[in-house]
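Colleague: I would like a close look at a single part of this model. Please keep the answer plain and give the cut-offs for your terms.

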Amino acid sequence: MRQAITNYYALLPQDAQSAYDLTGPTLRSAENRGNYIAFWNRFSSVTLGPVSATDGSLTATAPVTYVENGRRLPEQHTFVLVRGEDGQLLIDSDRAG
């Protein structure tokens with residue numbers, strides 16, 4: 001699970017198109033591809049901190065720092081993952097707070 005989140009954030013913000021392909025149904029129902037890409041295009045960089053997860057759980061937490069217009073915006077995020085049809089882990093929810 002840590003690797004799935006790390007791989008997802010490695011694409012952002014430069015390749016939001018590919019990152020969207022790694023999202024699950026909950027996130028996709030909340031944001032269409034165009035809005036998702038527009039959101040990520042606001043940032044010059046995004047940094048994922050250490051991911052904390054319990055073995056066997058599909059929920060994890062990690063600090064995420066966005067840089068927008070030269071300002072650093074740190075947040076603590078909670079992630080919920082789901083398995084896609086091919087068994088790949090997808091980011092189903094990514095919430096700050």
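Modeller: What follows is a description of F79 and the residue S93 that it touches. The model is predicted: local features need pLDDT of at least 70, side-chain atom pairs count only at pLDDT 80 or more, and totals for chains, interfaces and linings use all residues. Residues are numbered from 1 along each chain as its sequence is written, and side-chain values use heavy atoms, with hydrogens and water left out.

F79 lies in strand 4, residues 71-83; strands here are DSSP runs of E with at least two residues, numbered from the N terminus. F79 has a relative accessible area of 0% and is therefore buried, a term for values under 20%, with exposed meaning over 50% and partly exposed in between (1.4 Å probe, protein chains only). Setting aside residues up to four places away in sequence, F79 touches I5, Y9, L48, L58, T59, A60, T61, A62, V64, S93 and D94. Contact means heavy atoms within 4.5 Å. Between the C-alpha atoms of F79 and R95 the separation is 6.6 Å, although these residues are 16 apart along the chain.

S93 belongs to strand 5, residues 89-96. With a relative accessible area of 12%, S93 is also buried. Beyond its neighbours within four places in sequence, S93 is in contact with L27, T78, F79 and V80. The side chains of S93 and R95 are joined by a polar contact of 3.1 Å. Such a contact is a pair of N or O atoms within 3.5 Å; within protein, one must be able to donate a hydrogen and the other to accept it, and residues adjacent in sequence count only if both atoms are side-chain atoms.

Conventions: Helix = DSSP H or I, 4+ residues; strand = E, 2+ residues; numbered from the N terminus.
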